[in-house]
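These are my notebook entries on a two-chain model, kept in the order in which I looked things up.

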Amino acid sequence: MMNLDRTEKLLLAGIPILILLGFVLPEWVVNYIQVSLGTGLVALAVMIQMRAGLVSFGQGLYFCIGGYAAGMAGKFMGVSDIFILLIIGMLVSLFMAFIAGFLLRRYREIFFAMLSLALSMILYGLLSKLEVLGSTDGFNIPSPTYLGWAPEGDTAKHALYIATCIPALLCAALLNRYLRSPMGFIGEALRENEIRLEYLGTSAHRAVHIKYMIAATVSGLGGVLWALALGHVDPEMTNWTTSGQFVFISILSGVGNIVAPLFGTFILEIVRVYAVEASPNTWQMILGVIMLLTIIFLPKGLWSLIQRKKASAEETTQK
Amino acid sequence: MNTILETVDLKRTFGAVVAASNINIKIGAGEVLGVIGSNGAGKTTFVNMVTGYLEPSSGQILFHGESITGKKTRDITRLGICRSFQIPQLFMELTVIDNIIIALTVAREVKPSMLKPTINKEIFDEAMDILRRFQIDQYAESEVGVLAQGIRKLIDIAMATVGDPELLFLDEPTSGVSADEKMQIMDVLISALKSTKTAVLFIEHDMEIIEKFAPRVIAFYEGTVLADGDAADVLENEKVREFVIGKEFHRQAETEQQGGIA
C-alpha cells in the first residue's frame with residue numbers, strides 16, 4: 001500500500017467507526033458531528049497555512065464560495081448529485097484561490113491576514129446586496145441525490161451523514177500525506193526562513209500559492225458539506241466572525257496534528273451548546289475565557305496535552 | 001585555467017552610493033579563493049550580485065560563458081552556484097537533520113511531490129552522511145536554535161553544498177566564532193569540500209586563515225578590486241597592506257618569524 005502513517009491509519013479507520021456511530025448516537029450528536037466535519041475541514045485549511053506561518057483571517061471566503069457554488073449549481077442548473085456538487089464547490093474555490101493567490105503570495109504576517117480578511121468581506125458585501133441570491137437571508141439547498149438515488153426521511157439523513165464522513169476524513173488523510181511530503185516540508189521551512197528556501201533553489205511565492213490553493217479547495221469542500229448538512233447558505237459563511245471562529249479552532253486545538261482541528265471543531269460546538277445553555281446572553285464570554293486559558297496554559301493547543309501524555313509514557317517505558 | 005565564472009565590468013549602485021564597480025573576476029573550476037576587504041568594500045555586494053540576490057546596475061555575469069545576469073536566486077542555485085551566509089540562514093525551530101533533509105529535498109526535486117513521504121531511509125542516511133562529513137552528526141536531533149554559532153555556520157555551509165554545487169560562496173564562514181574555533185571550522189569545511197570538485201570563494205577578515213587556506217586572494221577596496229593574484233603577492237601588495245590589511249598584521253608576522261622581539 002502507500003506507506004500509511006499512524007494518523008492516516010487512524011483517519012481511515014475512523015470512517016467506518018464514524019459511520020457506525022451515526023446509527024447509534026443520538027440524532028443531535030450526529031448532527032453536530034456532521035456540521036463539525038464541514039467546519040473542521042476549514043479549520044484544517046487554516047491550520048495547514050498556520051504551519052507555514054500564514055494566518056488567514058478570511059478562510060470563510062472559500063467556505064462560502066464552496067457552499068454557494070454548490071447551492072447555485074442546484075438552484076440555477078438543477079444539479080443535485082452530491083459528487084458533482086462536491087467537485088463544483090472544490091473547483092470553483094480552487095480557481096478563485098488560483099487568481100487571488102497571485103496577490104496574496106506576496107504578503108506575510110499581518111498583511112496576509114488582513115488581505116485575506118478584506119477579500120472575504122468583499123464577498124460578504126456582494127452577497128448581502130445580491131437579491132437574486134437572497135441577500136442577507138441566503139437561500140435553501142435541496143437534498144442531494146447519489147448517482148440518481150434520491151433517498152427520503154431518515155435514509156436521506158444517514159446517506160448525507162455517510163457522504164460527509166467519507167470525503168472529510170479522506171481529505172484529512174490526504175492533507176496529512178501532503179504535510180509529510182516534500183511540498184509540506186517546504187511549507188514548514190517557509191515559516192522559518194524564506195531566504196534560505198530561495199537559496200536552496202525553490203520559490204517561496206510558489207510554495208505559498210500552492211498552499212493557499214490547497215487550503216481553499218479543502219475549505220470549499222467543507223463549505224459544500226456544511227451547506228448540504230444545513231440545507232442552506234447565507235453570507236454569514238464569509239463574515240469575519242465565521243473566519244475568526246476557524247482561527248479560534250486552530251489555536252484551541254493546536255497545529256501539531258491533522259486530527260486536532262477536527263476534534264477541536266467538535267469540542268467547540270459542544271462547548272458552545274453548553275455555554276449558550278448556561279449563559280444565553282453572555283456565552284461568548286465563556287468562549288473568550290476558554291481561549292484565554294488555552295493561550296496561557298496550552299500555547300500549542302489542546303493537542304499538546306496528548307503529545308505530553310505520549311512523551312511521558314515513552315519516558316516511563318524507557319525507565 | 002578552466003574558467004567557470006566570469007564577471008565583466010560589474011557595477012552596483014544604491015542611489016548615489018557606488019557599492020561595487022568595475023569588477024572583473026574570473027574563477028576557475030575547483031579553485032579556492034579568499035576575498036578580503038574592510039567593511040563596506042563591496043565583497044558581499046559582489047556575492048549578492050553573482051548569486052542573484054541583487055541585480056547589477058550594469059555589467060555581465062557569465063557562468064560557463066552564458067549570461068546569468070539578473071537571473072533569480074533559485075535559478076542560479078539550480079545552475080550550480082550556492083552560498084552560505086555571514087549570519088547563518090537556517091530553519092531555527094527545526095532539527096539539524098530536518099534542515100539537511102529539506103535542503104536535500106529541494107535540491108533533488110525541481111517539482112516537489114505533494115503525496116510521496118519525504119523521509120525515508122535513503123534520504124535520512126544521505127543527510128547523516130553530510131552531517132558526518134562536516135563533523136556535526138552528533139547534533140542531528142538537536143534544534144538548530146539552541147546550538148552554538150560555530151555549529152550553525154557548519155550547518156549553513158553543509159546546506160549550501162547538498163546540491164553538489166560547482167561554485168560555492170562562503171560569506172565570512174568564521175565570523176562570530178571564537179578564535180579557538182576558527183581554524184577548526186576552516187579545517188573541517190575545507191576537508192569536507194576537498195572530496196568534491198567545488199570551486200570555493202570565501203570572504204574572510206582573518207589573515208591567518210587567508211594565508212593558510214587561500215592559494216589565491218582578491219582584495220576589495222571601496223567597491224573595486226584592488227588586487228587579485230597569488231595569496232603571497234596580494235598580501236605583500238603595498239596598497240593592500242595600506243588600505244585593507246593594515247601594516248600591523250605584517251609587522252606582527254615578521255616579528256613572529258624573527259622569533260619575537262620584545
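Which residue in S8(B) is the bridge partner of Phe169(B)? I found that Phe169(B) has Leu201(B) as its bridge partner in S8(B).

Before going on, I noted that this is a predicted model, in which local features need pLDDT of at least 70 and side-chain atom pairs count only at pLDDT 80 or more, while totals for chains, interfaces and linings use all residues. Residues are numbered from 1 along each chain as its sequence is written, chains are lettered from A and ligands numbered from 1 in the order in which they are written, and side-chain values use heavy atoms, with hydrogens and water left out.

**Entry 1: strand S8 of chain B.** Strand S7 (residues 167–171) of chain B runs parallel to S8(B) and is joined to it by five bridges. Strand S3 (residues 32–36) of chain B also pairs with S8(B) in the parallel sense, over four bridges, and there Leu33(B) has Leu201(B) as its bridge partner.

I then checked burial, taking buried as under 20% relative accessible area, exposed as over 50% and partly exposed as in between (1.4 Å probe, protein chains only). Five of the five residues of S8 (residues 199–203) of chain B are buried, so the strand is largely enclosed by the rest of the structure. Ala199(B), Leu201(B) and Ile203(B) cover one side, Val200(B) and Phe202(B) the other, and all are buried.

Entry 2: Glu172(B) lies in the loop between S7 and helix H6 (179–194) of chain B. Its phi is positive, about 50 degrees, although Glu172(B) is not a glycine, and at 8% relative accessibility it counts as buried.

**Entry 3: the open sheet of chain B.** I next read the order of an open sheet of four strands in chain B, which is S2-S1-S4-S5 with antiparallel pairing. Strand S2 (17–28) and strand S5 (66–67) of chain B stand at the edges with a single partner strand each, so one side of each has no neighbour in the sheet. Strand S1 (residues 3–14) and strand S4 (residues 58–63) of chain B run antiparallel and are joined by five bridges, with Lys11(B) opposite Ser58(B) in S4(B).

**Entry 4: helix H2 of chain A.** I turned to helix H2 (residues 27–50) of chain A, whose 24 residues reach 34 Å from first C-alpha to last, close to the 34 Å expected, the expected span being 1.5 Å times one less than the number of residues. H2(A) bends by about 30 degrees at Leu37(A), the bend being the angle between axes fitted to the seven residues ending there and the seven starting there. Of its 24 residues, 20 are buried.

Leaving aside neighbours within four places in sequence, Thr39(A) is in contact (heavy atoms within 4.5 Å) with Phe63(A), Trp226(A), Phe246(A), Thr265(A) and Glu269(A).

Conventions. Helix = DSSP H or I, 4+ residues; strand = E, 2+ residues; numbered from the N terminus. Pairing = 2+ DSSP bridges.
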